[in-house]
Amino acid sequence: MSDGERPGGFSASVTPTSHPLVAKFALTVPADTTVEVEFGPDTSYGWSTAAVSAPAGGGSVSILVAGMRAQTEYHMRARIQFPQGKWETTPDQTFTTGALPSNILPTLTASTTPGQSPSPGVELVNVIDPVGISVVTDFAANILWYYDNAADESWEGYAFPIKPLKNGNMIASITNLYSANVPQQIPYNSVLREIDLAGNSIRELYLADLSTALSTMKTPQGSVVTALCYSHDVLPLWNGHTILLVQEQRSVWLTDPPGPGQFTILGDALVDLDENFKPVWVWSVFDNLDPNRHPYEFDAADGYDWTHCNCVQIAPDGNLILSSRHQNWVMKIDYEGGSGGGTILWKLGYQGDFTLVGSQTADTDWFFAQHYPNLLAASGDQITRLSVFDNGNDRCFAMPGGCGATSPAPPPPFSRGAIFTIDETAMEASVAWQYPLNQYSFWGGNVMVLLNGDIEICASEPVPIGSPPPTSDTPSQVVELAASPKGPMTVWQMTVTSGGAYRSYRIPSLYPGVIWAGGP
């Protein structure tokens with residue numbers, strides 16, 4: 001033990017919470033100290049929570065300890081850090097986690113290639129179908145945490161998606177957009193909810209309340225957004241604001257097929273919420289894109305789903321990056337921290353503003369029906385590199401004769417993970433890396449670069465190339481790849497069954513600023 005450690009100087013308690021995998025560790029500490037909880041399957045511990053500061057003047061501190069396997073005994077203690085550099089620990093205590101709930105969690109299997117080590121962290125799997133319970137797992141596919149939003153069961157809500165926050169909580173955009181009985185029997189509903197690790201609600205914004213607030217606001221172009229449902233993404237910002245993606249319907253006149261005529265179509269809007277979930281800026285695709293351009297799934301059966309936006313990110317210059325799956329575009333929007341005019345500054349993708357250069361310059365080398373463009377690198381305030389999951393559904397749109405060609409018919413779609421370099425000044429882009437899956441994933445997915453430089457790909461419910469999209473849920477696949485002289489090599493892989501995994505990616509731990517090497 002160190003010079004500054006005097007075991008037994010502090011008393012602490014460990015109690016269960018409403019979450020069977022989460023414990024509450026409580027103790028009283030002096031002023032100007034910080035405290036973290038060390039935990040593990042034995043007294044070598046091995047993992048820790050984030051450090052929490054004592055209240056002004058000292059007092060009680062409670063820490064939620066999460067990241068433990070079900071029905072397992074864990075050892076834990078607090079480590080108190082003093083400003084002079086000394087520290088103390090509390091006596092060892094044990095806590096036994098509860099059982100996992102039955103019939104609501106996905107079945108997960110995973111394996112690590114012999115001799116390989118996955119990049120540090122744990123896996124956050126955002127499952128939306130058939131039961132929308134998202135989970136966090138270790139590399140052996142043991143569930144370490146999950147979010148059961150039972151309060152939303154009556155209206156069939158699920159997290160779409162769920163993300164960690166810098167304060168240690170999670171934020172979930174909960175919607176019933178694609179639920180089985182919506183809207184025929186159950187009306188559309190949504191809630192944006194911040195939760196702690198025990199699943200307790202910290203703050204919420206329901207669809208009805210957002211709609212009331214939006215009714216008195218206008219976009220920079222002067223229109224009013226009426227949100228139909230929360231949809232596909234939520235983006236926490238550095239300043240405490242949150243960008244929420246919502247769907248909206250409007251009636252528009254179409255001159256091109258299926259027009260001419262008046263049609264009610266689906267589009268998307270972005271809402272900037274302040275730290276109190278109050279909307280302060282709103283933007284709509286209806287103000288900025290031509291509804292006569294609709295290359296993919298624009299028909300009555302799909303509700304004339306015009307843009308189908310599925311991801312929003314913040315660019316280094318403070319503007320927003322928005323992915324539109326049904327336009328095959330990734331767009332930069334003039335946001336400027338909420339003071340921007342909302343113009344689309346550029347469109348990346350087929351028939352957009354960039355030219356493909358390098359060794360792959362065919363129109364079909366662009367991404368199509370993509371998911372999760374993720375910004376990887378920048379030079380100054382300009383993006384230089386991004387990853388994207390290229391589902392490829394309507395790659396035929398860029399082929400001679402288009403998707404309806406018959407002589408010859410276009411080849412069947414395939415999916416790939418891809419990384420593009422872009423030059424925002426020269427307006428050029430190139431394929432820097434790709435990994436064809438030899439499968440077709442018709443929805444969902446993501447591509448992430450991990451802490452050790454490996455690349456992780458999530459493919460949602462992939463099927464063999466040439467097969468139709470499945471009519472029932474098939475397994476989703478997640479793979480971690482490392483570079484090797486013979487090409488990408490599998491380091492680790494996971495299968496999710498039933499397979500509605502919208503996204504799956506590595507997070508360092510369940511706590512901000514903490515990296516769990518090897519998982520708890």
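Trainee: Which residues lie nearest the centre of the largest pocket?

Mentor: Keep in mind that this model is predicted. The largest pocket has 46 residues in its lining. Of those, the ones that lie nearest its centre are Ile128, Asp129, Tyr158, Tyr178 and Ser179.

Trainee: And which elements give two or more residues to that lining?

Mentor: The pocket in question, the largest, has a volume of about 1,200 Å³. Its lining takes two or more residues from each of β11 (122-129), β14 (158-164) and β19 (242-254).

Trainee: How many residues of the largest pocket's lining are charged?

Mentor: Let's sort the lining by class. There are 21 nonpolar residues and 14 polar ones. The charged residues number 11.

Trainee: What about the second largest pocket: which residues are closest to its centre?

Mentor: That pocket comes in at about 700 Å³. It is lined by 31 residues, and the closest to its centre are Pro164, Tyr372, Met448, Tyr505 and Ile507.

Trainee: Which strands each supply at least two residues to the second pocket's lining?

Mentor: By class, this lining holds 21 nonpolar, seven polar and three charged residues. The elements that each supply at least two of its residues are β14, β18 (227-236), β22 (309-314), β27 (371-379), β32 and β37 (500-507).

Trainee: Let's turn to β33. Why is strand β33 said to be largely enclosed?

Mentor: Look at which way the residues point. Ile455, Ile457 and Ala459 go one way, Glu456, Cys458 and Ser460 go the other, and all are buried, with under 20% relative accessible area. So β33 (residues 455-460) is largely enclosed by the rest of the structure because the buried residues number six of the six.

Trainee: In β35, what is the bridge partner of Ile457?

Mentor: β33 also pairs with β35 (residues 476-482), in the antiparallel sense and over five bridges. In that strand, Ile457 has as its bridge partner Val479.

Trainee: One last thing: how far apart in space are Arg77 and Glu461?

Mentor: Arg77 is found in β7 (residues 73-81), and its side chain makes a polar contact of 2.7 Å with that of Glu38. Arg77 and Glu461 are 384 residues apart in sequence. In space, C-alpha to C-alpha, the distance between Arg77 and Glu461 is 42 Å.

Conventions:
Residues are numbered from 1 along each chain as its sequence is written. This is a predicted model: local features need pLDDT of at least 70, side-chain atom pairs count only at pLDDT 80 or more; totals for chains, interfaces and linings use all residues. Side-chain values use heavy atoms; hydrogens and water are left out. Buried means under 20% relative accessible area, exposed over 50%, partly exposed in between (1.4 Å probe, protein chains only). Helices (H or I, at least four residues) and strands (E, at least two) are DSSP runs, numbered from the N terminus. Two strands pair if DSSP finds at least two bridges between them. On a 1 Å grid over the protein atoms alone, a cavity is a set of points where a 1.4 Å probe fits but cannot get out, and a pocket is an open set with protein on both sides within 12 Å along at least five of seven lines; lining residues have an atom within 4 Å of a point. Grid points are joined across faces, edges and corners, and a volume is the space filled by probe spheres set on the points. Ala, Val, Leu, Ile, Met, Phe, Trp, Tyr, Cys and Pro count as nonpolar, Asp, Glu, Lys and Arg as charged, and the others, Gly among them, as polar. A polar contact is a pair of N or O atoms within 3.5 Å; within protein, one must be able to donate a hydrogen and the other to accept it, and residues adjacent in sequence count only if both atoms are side-chain atoms.
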